[in-house]
Amino acid sequence: MPVEVRELCMASSFMRFFRFVAIKNMEKRSLGNTNLLITPVGMGVLTVGRTQLNLPVKDGARIVRYALERGVNFLDTAEYYETYPYIREALRGTDFEPVIVSKSLVSSYGGMAKAIEDARAAIGRDVIDIFLLHEVRQAPDFENRAGARQCLIDAKAKGHVRAIGLSTHHVDAARLCAGQSEADILFPLINYKSLGIRNGANPGTKEDMAAAIKAAAEAGKGVFAMKAFGGGNLCADYTKAMDYVTGLPGVDSVMIGMGSESDADAAVDYCEGKLSADFRPDVGNKRMRVDQGDCEGCGACISRCTSKAIHYNENGRAEIDGTACVTCGYCAPICPVRAIIMF
Ligand code: SF4
Ligand code: SF4
């Protein structure tokens, strides 16, 4: 074999080995009683999409791929986020096979069937690993979505999804999960300051949500948490925020919104014990704002925000209270004039 070819082969082998090592460095663990193995942090793909940073697909996909190259094997998306193209592009031509979570806000059987089919087609996968009822708002909402729940059960039986369950900001909805034999997964909101946690029509506490998480885990459900940083409000205490959520009994993994390579670096370095205790990420580009020049004062966003973070200001325009906003991004697509953006 010519020297150049041999060197090329050695370099190629090294690169494969290097990637193997990088992936192996991230611990993987079982997700509840599912057969899925996940890394202790996952990437929330929402951040790169239309409701937040609105990056071009190639730029958002580059960040998704970077997270995968750093060893993250767990991606969170949703029908509502419109981020499937980023994932498809990130996986194109690679051998990565991350565990993919998607979810839908719909209530009906047919709506959920369409959501699952759309996800399979748009991501380019026959099977979506995890599919959830998205943002179950209070216990009655769970009951009202019986059609969508039945569809998830049937989709799992057909092999179109591997695991099913619910995502929620609500303690009362999270509590239901432990008693649902068909549910495999709970994806709850929790952070050390209880930011964004709801309980019925009222604010909820981290203690109550932690108890619901523990009960779900003891019933064999896989649990991964969202909003460990309270939508950016707790980033100044990055390690404290992560220590709290990762230390909760029953939490298998934490989804972190990643809008840059440095976000992925911080999350992976944290998991590998390499992040300094006083690490402070740059969060200057991660706040939701209402463009006052565009807002028409219709109030749709105020009704949509379950965190009660939006109010009318003295000019009759919507304004976001950054201390209450958990940057879920749910308000942005509602706005008829696209006045809500992430800076
Ligand atoms: S204002 Fe409300 S709906 Fe909008 S991103 Fe913040 S918490 Fe979510
Ligand atoms: S939905 Fe848009 S236009 Fe309506 S109040 Fe909110 S920001 Fe303003």
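**View 1. The shell around ligand 1.** Ala, Val, Leu, Ile, Met, Phe, Trp, Tyr, Cys and Pro count as nonpolar, Asp, Glu, Lys and Arg as charged, and the others, Gly among them, as polar. By these classes, the shell around ligand 1 holds 10 nonpolar, three polar and one charged residues. The model is predicted. In it, 14 residues surround ligand 1. Closest are Cys 305, Ser 307, Cys 325, Cys 328 and Cys 331.

**View 2. The shell around ligand 2.** Ligand 2 is surrounded by 14 residues. The closest are Cys 295, Cys 298, Cys 301, Ala 318 and Cys 335. The shell comprises 11 nonpolar, two polar and one charged residues.

**View 3. The barrel.** Eight strands form a closed barrel with parallel pairing, in the order β3-β4-β5-β6-β7-β8-β11-β12. On average, neighbouring strands of this sheet are turned by 30° against each other, direction ignored. Helix α6 packs on the sheet and touches β6 (128-133) and β7 (161-168). The direction of α6 makes about 155° with that of β7.

**View 4. Pairing of β4 with β5.** Strand β4 (residues 74-76) pairs with strand β5 (residues 99-104) in the parallel sense, over three bridges. Phe 74 has Val 99 of β5 as its bridge partner.

**View 5. Packing of α4 against α6.** Helix α4 (residues 109-123) and helix α6 (residues 146-158) pack at about 45°, with axes 7 Å apart. The two helices are therefore oblique to each other. Their crossing is right-handed. From α4, Tyr 109, Gly 111, Met 112, Ala 113 and Ile 116 make the contact. From α6 come Gly 147, Ala 148, Gln 150, Cys 151, Leu 152 and Ala 155. The contact residues divide into eight nonpolar, three polar and no charged.

Definitions and conventions
Residues are numbered from 1 along each chain as its sequence is written. Chains are lettered from A and ligands numbered from 1 in the order in which they are written. This is a predicted model: local features need pLDDT of at least 70, side-chain atom pairs count only at pLDDT 80 or more; totals for chains, interfaces and linings use all residues. A residue is near a molecule or strand if its C-beta atom, placed from the backbone, lies within 6 Å of it. Axes are lines fitted to C-alpha atoms, for helices over the stretch in contact, and angles run from 0 to 180 degrees between N-to-C directions. Helices (H or I, at least four residues) and strands (E, at least two) are DSSP runs, numbered from the N terminus. Angles under 35 degrees count as roughly parallel, over 145 as roughly antiparallel, 65 to 115 as roughly perpendicular and the rest as oblique. A crossing is left-handed if the near helix is turned anticlockwise from the far one by less than a right angle, and right-handed if clockwise. Two residues are in contact if their C-beta atoms, placed from the backbone, lie within 7 Å. Two strands pair if DSSP finds at least two bridges between them.
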